[in-house]
Amino acid sequence: MPKNLISIQDFSKEEILHILSVAREFEAAREQDFLRGKVVACLFFEPSTRTRLSFEAAVSRLGAQVIGFPDNRNTSQSKGETLEDTIRIISNYVDLIVMRHPMAGAADIAASVAGVPVVNAGDGANQHPTQTLLDLYAIEKTQGTLENLHINMVGDLRYGRTVHSLSQAMHFFHPTFTFTAPEELRMPRKYLDFLDEFGIPYTQTERLEDHLNDCDILYMTRVQGERFPDRDSYEKVKDVYTLSARGRNFHRCRYHPVCLLLPAGGRRHVCAYGDYRLSFGLPVKNTIFEKY
Ligand code: CP
């Protein structure tokens, strides 16, 4: 296993399958304390509900202590301390750093100066590898396999870091992709090039209705307003796709799982979601279906 988890590409197929296997064991027997005596830092420079609290819950349940912060306003960064210095200092206190940051590449910078392993809990629009592990866990659980699935990724494919990590992880498992996004939010060229390199088939469309019926997983993402250069360009696309319990489109996808990446954003019309939280082997929830 690699020392750090910065990108999902740090893992081989065998390592991913091993982690999923360990996660299944944890789901069967949650009470384990093999991290007793360790201290883990959860450093969140950007807002989070699920990732931060699930890491903290997992670390606590495994017997370790958690230190850290949910935002960096009360750290010495407000007095000019650099990211590198913050990480160097905290490395002296802990055995592992879990970190979220709004800047793409921040986790890589942290890993380059940290004296302890670093886990990327999301860096800007770049990667979200731990979310991908739990997405894989949820997909395998609902489909019975990771192999030969048609995954329709919908929404903000440009800024959505979970989409980037998951598409790269799935390349091991012979997927077919549909990328459903408006022109402004299309999948970045570098991820399409990656799929081309491995001969993974994909189509791109702007129409949500094109592949509601014929995919195995509908992977709905929030439009990431916080990453847009200006408010007007966000307003133009913010509600571009919705699945509504009362809408005409939902009945077309009720026979396969809808994986709504939370947080769901402003509109609460989406009526079905899968919420798994793996976080170092602790799946917290199974698929939930709710109506709003
Ligand atoms: N999916 C996810 O990363 O959620 P949070 O932003 O709440 O951590």
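Trainee: Where is the place of Asn148?

Mentor: Asn148 sits in the loop between α5 and β5; helices (H or I, at least four residues) and strands (E, at least two) are DSSP runs, numbered from the N terminus. This is a predicted model, in which local features need pLDDT of at least 70, side-chain atom pairs count only at pLDDT 80 or more, and totals for chains, interfaces and linings use all residues. Residues are numbered from 1 along each chain as its sequence is written.

Trainee: Is Asn148 buried or exposed?

Mentor: A residue is buried if 20 or more other C-beta atoms, placed from the backbone, lie within 10 Å of its own, exposed if 12 or fewer, and partly exposed in between. Asn148 counts as exposed because it has 11 C-beta neighbours inside 10 Å. Its phi is near 60 degrees, a positive value in a residue other than glycine.

Trainee: What is phi of His174?

Mentor: Phi of His174 is near 55 degrees, again positive in a residue other than glycine. His174 lies in the loop between α6 and β6 and is partly exposed, with 14 other C-beta atoms within 10 Å.

Trainee: How many residues of α6 are buried?

Mentor: In α6, 10 of its 10 residues are buried, including His164 and Met170.

Trainee: At what angle do α5 and α6 pack?

Mentor: Two packed helices are described by the angle between their axes and the distance between the axes. Axes are lines fitted to C-alpha atoms, for helices over the stretch in contact, and angles run from 0 to 180 degrees between N-to-C directions. Helix α5 (residues 129–143) and helix α6 (residues 161–170) pack at about 55 degrees, with axes 8 Å apart.
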